[in-house]
Structure formats: structure tokens, C-alpha cells
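Please look through the sequence and the model below before reading on.

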Amino acid sequence: MKKKLVLWTMAALLAFSATACGGSGDSGNTDTKEEGSKKEETASKGESSSVANKDKPLVWFNRQPSNSSTGELDMNALNFNKDTYYVGFDANQGAELQGQMVKEYIEEHADTIDRNGDGVIGYVLAIGDIGHNDSIARTRGVRKALGTGVEKDGNINSEPVGTNVDGKATAVQDGTLEAGGKKFTVRELGSQEMKNSAGATWDAATAGNAIGTWSSSFGEDIDVVVSNNDGMGMSMFNAWSKDNKVPTFGYDANSDAVAAIAEGYGGTISQHADVQAYLTLRVLRNALDGVDIDTGIGTPDEAGNVLSENEYRYSEEERSYYALNVAVTADNYKDFTDSTKTFEPVSNQLDESKSPKKKVWLNIYNASDNFLSSTYQPLLQNYDDLLNLDVEYIGGDGQTESNITNRLGNPGQYDAFAINMVKTDNAASYTALLNQ
Ligand code: BGC
């Protein structure tokens, strides 16, 4: 008799707490009776959408909250709440790889690389965004490998030089490189930030125009074209270097760039977007389920999803997951032809009874960014189903934060957020909305 009473009281209490926690009206759920018990469980774990916006899981991705002049991480944004993370890739490791890839190509093609035989290997460089850590790292990586970097404040200067046909620019120097028994001078003939007049960075069309200008004034001197990403790299390749048989190097391993390797594109770097897109949604999933953050990442989940240390590293101090990069060249490009394919070891469907559907608000800073729209977002869309997440995708204009934040009018409708800022300094524009 007593036992029954206790059970009855517990059931009543549970039912009460479920109504109290779940009835705020902002969950968007129209639960059926059968789902009631599930809801009681989530409600008792405090995971219903009556959770305050400021306590909901938040992941920054692709643009790490940081000072765009100094690169210093914005630890306030990275520690917004206990379920906040950044997902990106290891910018320095990738940058080293890109530099090495270009250098090795030159060494292997020493007989033909110097097109006008003047002993100077000239290259031009398309810079994505002078205030973006990834872009800065790539510019440094190339300059370091080719010996054209000069030190500034304890690091390699990453400023654009404009044009430097005479080798007199101060932000770079002439390097030397021995290859095929010959000693070459290496010169950065030109570099500029590819920003369009409306302010969008990493702008492919601007890069296509720049190669037009550079090639018409010193085209004979250009032996190599390097770009901070494939979007700009492919634009330059299609506009000029393909016809002129000048090897062009990018970054991202977008499908079109990988395919172009068969037609003379020099190479690219995979930033393991298949792992990043997974991590972006996985950290949210884990926080929403209230499980250990390593679940399905370093520790296999019940469905068997797990990554290995060859694919990512986690920095607890920086609250950041970094995917590792792989060079994609003529030797291995056939393994990378579809950049939107999920990574096999983390492609198993989660059980919806344990990881119930949740709503995520996610934005892409620029709907026309080649990498994010042709590689990253399709990957996210493949993973959201596997992870039982109902993701609303918002595409920004690449220029103003408000174009995006205006579309986060009602954060209470969502269980978690994934944010790709226009400018890395601007985290507060988003967290202010969640703090309201
Ligand atoms: C990618 C670029 C992209 C940028 C956007 C970088 O990591 O390599 O292609 O334009 O992110 O933030």
C-alpha cells in the first residue's frame, strides 16, 4: 500500500515537472501522449527548450572568435557557457602543408617551372581576409616554405605587398631555392586581399580580376599561382593559369578544384571538412543529450561512431576542436573527388529514442562562399539527419553581421546554435542576443 502511494506521488511529481518545464510555449513541440514519457525524461534532465537561451549549447565554427588584428582568441566568447566550443581545423599544420606542397612541386618540376628562364621563380598570392587567422596562417606558410617571409613582431609578416615585380617590397624578401642542380631566386611578384567593393572577403571574382591585371602587366614572370583557398584559386585558374599552363595551388579540396588537378591545377589541402562538419553538430548533440562531450568523438558511441587522433585534436584550454589537414595532389586526388561525402567512421545513424529530435539554428556567414556552400553545408546536411538534428540554415551576405543576427529574432525557438561570424571580432553581436 505504502509502496503504491510512493510510486503514485513520484509519477505525479514527474508529470508536474514536465508541464512546468515543458510548457513554456517556445519549444515548438506538439507532443503526443506516447512521447510524454520521453519528454518527462528530458525535462527532468533540464534539457527542454525552456532552458534559458544563454545556457543552450553553442558552437562557433570556421571563424574562431579572435581579435582580427592580433589573432588573440576571444576567450569570453569561447567560454560563453559550459556547452560552448569552437570547431575548425589546425591552421598552422595546414599552412605548413600548403607551403611544402608548393615547394615540392617546384623541386620536382625544376626543368620547366621557370617559364621565361630568367632564374627567378615568380609567384602571385591571393589572400582571403587579412583579419582571419586561417588566411594569415596560409600566407605565412607559403612565405616560410619559399623563403620569402620576413619577420615582424616575432612572426612572419602576412601583409599583402600589392605588386613587387622589382623585388623591393619590405613585407617580403626574395628567397632562394635549389632544385634540379640549379639555384633559383623566388619572388612574390604580387599579393592582395581579395575583398570586393561591398566588403566581402575571400572573393573569387576579385581574384579572377586580379590575375587579369597581374598577367597583363607581368604575366611572363608568373611561374606559380598560390591562393589562400580554392574558390579564389579556381577563379584564377579558369581565368588565366589553365590556358597558360601555370600551376595553381589552393586550399579546401572543393570537388571542382580536386577535379581540376587532372587539368593542371597544382594541388590543394583538405581541411577535413567531413570531420569538421560532423564535430560542429556532434558537440551540440552531446551537450543536448547531457552525455560526455567526447561521445562519438574520441570515445565510440553506441552506434559505433568514433574518430581517431589522425583526424582531429582537441584543446581543452581553447575549448576548440581542430581537424587535421591532408595535402591533395596529382598523387592522391582520386581519393578526394567528392568533398560532400560524410566520413565513414562517423556515418552511423543515432537512435532517436536516446537522441531525440532537437532544433538547431545555424548560419553560414556568406551564402556564396565556395567552400562553405559547396563543401561544408552539404556535409552538415548529411550529418544532421544522422544526428537527429533539425537544422535551420541561414545564409548571410558575407558583409554585415546584422544581415544574419536579424534572422535570429527568436532564439527561444531553438535548442542550440551554430555560428559562423562575418568578422572574428564580432562574437558579442550574437551572444548579446542569447543573453537577452
Ligand atoms: C576556408 C575558406 C573560406 C573561409 C571562410 C576558410 O577556412 O578555407 O575557403 O572562404 O574559411 O571563413
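The paragraphs that follow treat a helix pair and then a pocket.

This is a predicted model, in which local features need pLDDT of at least 70 and side-chain atom pairs count only at pLDDT 80 or more, while totals for chains, interfaces and linings use all residues. Residues are numbered from 1 along each chain as its sequence is written, and side-chain values use heavy atoms, with hydrogens and water left out.

Helix α9 (residues 273-289) packs on helix α10 (residues 370-386) at an angle of about 55°, the two axes lying 9 Å apart; axes here are lines fitted to C-alpha atoms over the stretch in contact, and angles run from 0 to 180 degrees between N-to-C directions. That angle makes α9 oblique to α10, since angles under 35 degrees count as roughly parallel, over 145 as roughly antiparallel, 65 to 115 as roughly perpendicular and the rest as oblique. From α9, the contact (heavy atoms within 4.5 Å) draws on A273, D274, Q276, A277, Y278, T280 and L281, and from α10 on F371, T375, Y376, L379, L380, Y383 and D384.

Two or more lining residues come from each of β2 (84-89), α4 (91-108), α5 (133-146) and β5 (155-156), and α5 gives the most, with 5 residues.

Terms used:
Helix = DSSP H or I, 4+ residues; strand = E, 2+ residues; numbered from the N terminus.
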